[in-house]
Amino acid sequence: SRPTGVAALTARSDALVAMPGGGTAGFYSDGLAGPRWETFHLTELRQILQRDYRASAVMAVAGASMGGLGALAYAARHPGLFRAAASFSGITGTRLSAQESRRYVHLVRSQGQNPSRLWGGPRRAAALWAAHHPCDLATRLRGTQLFLAARTGQPGPLDPAGTAASTIESSLAAENAALARRLRALKIPAQFGFYGPGTHSWPYWQRDLHQAWPLLQHALRTR
């Protein structure tokens, strides 16, 4: 998260910025077994920030990639907790298709974790997957100021010469497009940063953060 330059961006703001870890494949969830990331972030960390750093109850949330899933899922699972949520190349469609679900099962396994300890199998535990799936939770995002960014996965203006296409980003672009369609169908306002070419990398998330900052800052100033 440091490559986004968030410290410099927020230096003139009175915002308190907390950037906790979320594990290699924790998916910002209280899994069926193992770490309870949602409880840590939304209960334990909040208590520390409020007790020791004078944090207020006015909050916004943002994240890149898996953190984008965390931002949107936390906002949807706890309506009213966050004034705004921003997702940069975020995972928004774990249930977009059976193939997409299998990709996430393989991703968890590739990180040395047991997928069944997270949400269970995508078919047998469909309700639990849906409970952490932004597209399924979209109605609960009404009233939250939203920013979604993604790219096509083809090398773009911020990539070095010779950069290969990013299949991860192209897959996430399809997921984000599906969420955008869902939000529009529900008439839930959102700001979209679908910029065209670009890969799944920090230079683009740096740009996303700067694009989203006015929305986040406005939400934090709202009383």
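# Sheet, helices and aromatic rings in a predicted model

Tutor: In this predicted model, strand 1 and strand 2 run parallel and are joined by five bridges.

Student: Which residue in strand 2 is the bridge partner of valine 61?

Tutor: Valine 61 has alanine 85 as its bridge partner in strand 2.

Student: And how many bridges join strand 2 to strand 3?

Tutor: Strand 2, residues 84-88, is joined to strand 3, residues 145-150, by five bridges, and these two strands run parallel. Within that pairing, alanine 86 stands opposite phenylalanine 147 of strand 3.

Student: OK, what order do the strands have in the sheet?

Tutor: The sheet is open and has four strands in the order 1-2-3-4, with parallel pairing. Strand 1 (60-64) and strand 4 (191-194) each have a single partner strand, so they stand at the edges and one side of each is left without a neighbour in the sheet. From one strand to the next, the twist averages 5 degrees.

Student: Back to strand 2, are its residues buried or exposed?

Tutor: Strand 2 is mostly covered, with five of its five residues buried. In a regular strand the side chains alternate between the two faces of the sheet.

Student: Which strands does helix 3 lie across?

Tutor: Helix 3, residues 66-77, lies across strand 1, strand 2 and strand 3, and runs at about 150 degrees to strand 1. Helix 7, residues 202-221, also packs on the sheet, where it touches strand 1, strand 2, strand 3 and strand 4, and its direction makes about 175 degrees with that of strand 2.

Student: Which residues of helix 7 are buried, and what do they pack against?

Tutor: The buried residues of helix 7 include Tyr204, Trp205, Asp208, Leu209, Ala212 and Trp213. The buried residues of this helix pack against helix 1 as well as strand 1, strand 2, strand 3 and strand 4.

Student: Where does helix 7 bend?

Tutor: Helix 7 bends by about 40 degrees at alanine 212, and proline 214 follows within four residues.

Student: What about tryptophan 202 and tryptophan 205, where do they lie?

Tutor: Both lie in helix 7, three residues apart, which is about one turn of the helix. The rings of tryptophan 202 and tryptophan 205 have centres 4.9 Å apart and planes at 80 degrees, so this pair is edge-to-face. Tryptophan 202 counts as partly exposed at 34% relative accessibility, whereas tryptophan 205, at 7% relative accessibility, counts as buried.

Definitions and conventions. Residues are numbered from 1 along each chain as its sequence is written. This is a predicted model: local features need pLDDT of at least 70, side-chain atom pairs count only at pLDDT 80 or more; totals for chains, interfaces and linings use all residues. Side-chain values use heavy atoms; hydrogens and water are left out. Two strands pair if DSSP finds at least two bridges between them. Axes are lines fitted to C-alpha atoms, for helices over the stretch in contact, and angles run from 0 to 180 degrees between N-to-C directions. Contact means heavy atoms within 4.5 Å. Rings of Phe, Tyr and Trp (its six-membered ring) pair if their centres lie within 6.5 Å; planes under 30 degrees apart count as stacked, over 60 as edge-to-face and the rest as tilted. Buried means under 20% relative accessible area, exposed over 50%, partly exposed in between (1.4 Å probe, protein chains only). The bend at a residue is the angle between axes fitted to the seven residues ending there and the seven starting there.
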